[in-house]
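Let's take a walk through this chain together, going from the overall picture down to a few side chains. Keep the viewer open as you read.

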Amino acid sequence: MLDNKILVGVGLISYSLYLWHWPIIVIGRMTIGVDAKSIPVLLLIIVLASAASYFYVEKPLRSALRLKSKKQIGFTVMAF
């Protein structure tokens, strides 16, 4: 059960999910409201934002920090 691809994927983006869920829910509540119709849309936006944050911000920064190259870290930070 622990090697299920879906559970592993949720585990990888869990920190991003933690960071993104609340701002998206608040913005959704202020704009479209939170009801039975909007919850699936908000969940999709939360998952997409979390995955994008993981793959385009967290993962490149982690690999740059492993290289311990200040030039690489600076370039990665400037790219975002």
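What does the accessible surface of the chain come to, and how much of it belongs to carbon and sulfur atoms? The surface comes to about 6,600 Å², and carbon and sulfur atoms account for 72% of that area. Please keep in mind as you look around that this is a predicted model.

Now for the overall layout. The chain has 4 helices and 0 strands, so reading along the sequence gives the pattern α-α-α-α. Of the 80 residues in the chain, 19% are buried. If you take the contacts with a separation of 6 or more, 46% of them are between residues 24 or more positions apart.

How confident is the predictor here? The mean pLDDT of the chain is 84, and 79% of the residues reach 70 or more. Among the elements, H2 has the highest mean pLDDT, at 93, while helix H4, residues 70-79, has the lowest, at 62. Where pLDDT is low, the predicted coordinates should not be read in detail.

Is Ser-16 buried or exposed? Ser-16 counts as buried because its relative accessibility is 0%, and the cut-off for buried is under 20%. The side chain of Ser-16 makes a polar contact of 2.3 Å with the side chain of Glu-58. Leaving out residues up to four places away in sequence, Ser-16 touches Ser-50, Ser-53, Tyr-54 and Glu-58.

One of those neighbours, Ser-53, takes us to helix H3, which runs over residues 39-67. Ser-53 has a relative accessibility of 14%, and therefore counts as buried. With residues up to four places away in sequence again left out, Ser-53 touches Ser-16, Trp-20 and Glu-58.

How values were computed
Residues numbered from 1 in each chain as written. Heavy atoms only, no water. Buried < 20%, exposed > 50% of the residue type's maximum accessible area, 1.4 Å probe, protein only. Polar contact = N/O pair within 3.5 Å; in protein donor to acceptor, adjacent residues only side chain to side chain. Contact = heavy atoms within 4.5 Å. pLDDT = per-residue confidence, 0-100. Helix = DSSP H or I, 4+ residues; strand = E, 2+ residues; numbered from the N terminus. Areas by Shrake-Rupley, 256 points an atom, 1.4 Å probe, with all protein chains shown as cover.
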